[in-house]
Amino acid sequence: APIEPSVRVLLDPDWASSSLVEDVRRGLSQHPRTLPPKWLYDDRGSELFDEITRLPEYYPFDAERSILKEHAYEIVTASRATTLVELGSGTSEKTRLLLDAFTEAGQLTSFSPVDVSERTLRDAAALIAKRYPGVHVAAVVGDFTLHLAHLPRGSRRMIAFLGGTIGNLYLEERRAFLGALADQLEPGDSLLLGTDLVKSADRLIAAYDDARGVTDAFIRNSLVVLNRELGADFDVDAFSYVPFWDPHMERMDLRLRSEVPQRVAIPGADVVLDLAVGDEIRVEISTKFRLSELAAELEHAGFGVTSVWTDPMDEFALTLATK
Ligand code: AVJ
């Protein structure tokens with residue numbers, strides 16, 4: 001029988017509500033009004049994101065998978081890791097390509113997926129424990145921006161941060177995150193970082209404004225989360241979804257725009273929001289990268305770039321950086 005995965009919960013039961021209140025209060029007082037994207041992943045949001053990854057327009061998922069299909073063995077052997085830690089692991093679907101390569105190389109003793117979504121994490125951990133009976137699965141329910149100091153120890157770790165999720169962080173957050181991560185790692189540990197690359201605005205906009213409106217529903221679900229968690233009274237249909245490419249910051253900027261003058265009460269955060277027609281709330285950014293700048297950023301944080309792999313169309317990159 002497979003060894004049961006262990007699940008360590010670092011988020012206290014109140015975390016979701018207290019940190020949501022703070023995030024909402026702080027974010028909505030900024031210009032533009034901003035909601036932090038981690039709140040997009042409630043059960044419904046996780047489902048919608050899963051659907052996004054299967055959209056024909058959403059190229060990053062397939063591009064990253066094609067890199068892993070082609071190069072996973074090279075990646076794991078280059079890392080020489082025996083412990084794999086995955087940040088923001090979600091369903092860990094693509095991670096199986098890494099786990100298969102680790103198995104083939106006979107290299108892996110333990111796997112730790114880290115995610116804020118406990119439900120998704122428990123399901124993923126159970127599946128993986130079953131499929132890789134020789135690997136010790138130690139899942140962590142945690143926020144990778146807060147809990148880096150509690151990353152599982154282990155001899156020679158590879159920290160995988162896939163999917164382009166780092167693109168969700170604002171510049172200062174990204175610097176702080178990479179610096180804090182580097183500080184936690186021992187010499188020989190490595191980071192496998194997935195980043196989406198700068199490309200034509202048309203291609204980008206299509207990926208974030210899909211024909212079936214799945215991304216619209218995903219972004220709009222942020223208001224449903226506030227209604228449920230904070231007793232807010234957002235009229236979800238009184239907004240339109242406005243995704244655009246910001247050429248200066250080189251990032252997609254995904255917003256909801258008020259279509260009517262409205263007052264929204266968010267009692268759980270003690271906030272009242274007065275919105276005029278055209279007022280916007282930014283729900284998510286998705287930064288796109290250039291490889292030379294990314295390497296400089298990683299080096300500045302304390303990493304050395306070992307190798308970079310891209311897909312055949314050079315749309316997405318996986319960078320292995322070593323401490
Ligand atoms: C999961 C953060 C990588 O930025 O492309 C997809 C999230 N948002 N469509 C991304 C997302 C809208 C996605 N990441």
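Reader: How much of residues 22-322 is helix and how much is strand, and how far apart are the end C-alpha atoms?

Author: Helices here are DSSP runs of H or I with at least four residues, strands are runs of E with at least two, and both are numbered from the N terminus. Over residues 22-322 the chain is 38% helix and 26% strand, with 35 Å between the end C-alpha atoms. That range comes from UniProt, where an unreviewed entry lists it as "domain: Histidine-specific methyltransferase SAM-dependent". UniProt positions follow the numbering used here, feature names are shortened, and annotations may be inferred rather than shown by experiment. Please keep in mind that this is a predicted model: local features need pLDDT of at least 70, side-chain atom pairs count only at pLDDT 80 or more, and totals for chains, interfaces and linings use all residues. Residues are numbered from 1 along each chain as its sequence is written.

Reader: Thanks! In what order do the eight strands of the open sheet come?

Author: First the general idea: strands of a sheet pair through backbone hydrogen bonds, either parallel or antiparallel. Two strands count as paired if DSSP finds at least two bridges between them. In this model, eight strands form an open sheet in the order S1-S5-S4-S3-S6-S7-S14-S13, with mixed pairing. At the edges stand strand S1 (6-9) and strand S13 (304-310); each has a single partner strand, so one side of each is left without a neighbour in the sheet. On average, neighbouring strands of this sheet are turned by 20° against each other, direction ignored.

Reader: Which strands does helix H3 lie across?

Author: Axes are lines fitted to C-alpha atoms, for helices over the stretch in contact, and angles run from 0 to 180 degrees between N-to-C directions. Two residues are in contact if their C-beta atoms, placed from the backbone, lie within 7 Å. Helix H3 (residues 59-79) lies across strand S6 (157-161), strand S7 (190-196), S13 and strand S14 (316-322), at about 25° to S14.

Reader: Which residues of helix H4 are buried?

Author: A residue is buried if 20 or more other C-beta atoms lie within 10 Å of its own, exposed if 12 or fewer, and partly exposed in between, with C-beta atoms placed from the backbone. In helix H4 (residues 95-105), the buried residues are Thr 95, Leu 97, Leu 98, Leu 99, Ala 101 and Phe 102. Their cover includes H3, strand S3 (83-87), S4, helix H5 (118-131) and S6. After H4 comes Gly 106, with a positive phi near 60°.

Reader: What is the order of the open sheet of four strands?

Author: The order is S2-S12-S9-S8, again with mixed pairing. Strand S2 (33-34) and strand S8 (239-246) are at the edges with a single partner strand each, so one side of each is left without a neighbour in the sheet. S8 and strand S9 (residues 251-258) run antiparallel, joined by eight bridges. Helix H7 (residues 201-208) lies across S8, S9 and S12 at about 150° to S8, and H8 lies across S8, S9 and S12 at about 115° to S8.

Reader: Which residues are around the ligand?

Author: A residue is near a molecule if its C-beta atom, placed from the backbone, lies within 6 Å of it. The residues around the ligand are Ile 52, Pro 60, Gly 163, Gly 164, Thr 165, Gly 167, Asn 168, Tyr 208, Thr 215, Phe 218, Glu 284 and Ser 286. Helix H8 (214-230) and strand S12 (280-287) are the elements that give two or more residues to this shell.

Reader: Is Phe 218 buried or exposed?

Author: Phe 218, found in helix H8, counts as buried because it has 26 C-beta neighbours inside 10 Å. Leaving aside neighbours within four places in sequence, Phe 218 is in contact with Leu 40, Gly 45, Leu 48, Phe 49 and Ile 52. Phe 218 and Leu 48 are 170 residues apart in sequence, yet 5.7 Å apart in space, C-alpha to C-alpha.

Reader: Where is Asp 314, and what is its phi?

Author: Asp 314 lies in the loop between S13 and S14. Its phi is near 55°, a positive value in a residue other than glycine. Asp 314 is exposed, with 11 other C-beta atoms within 10 Å.
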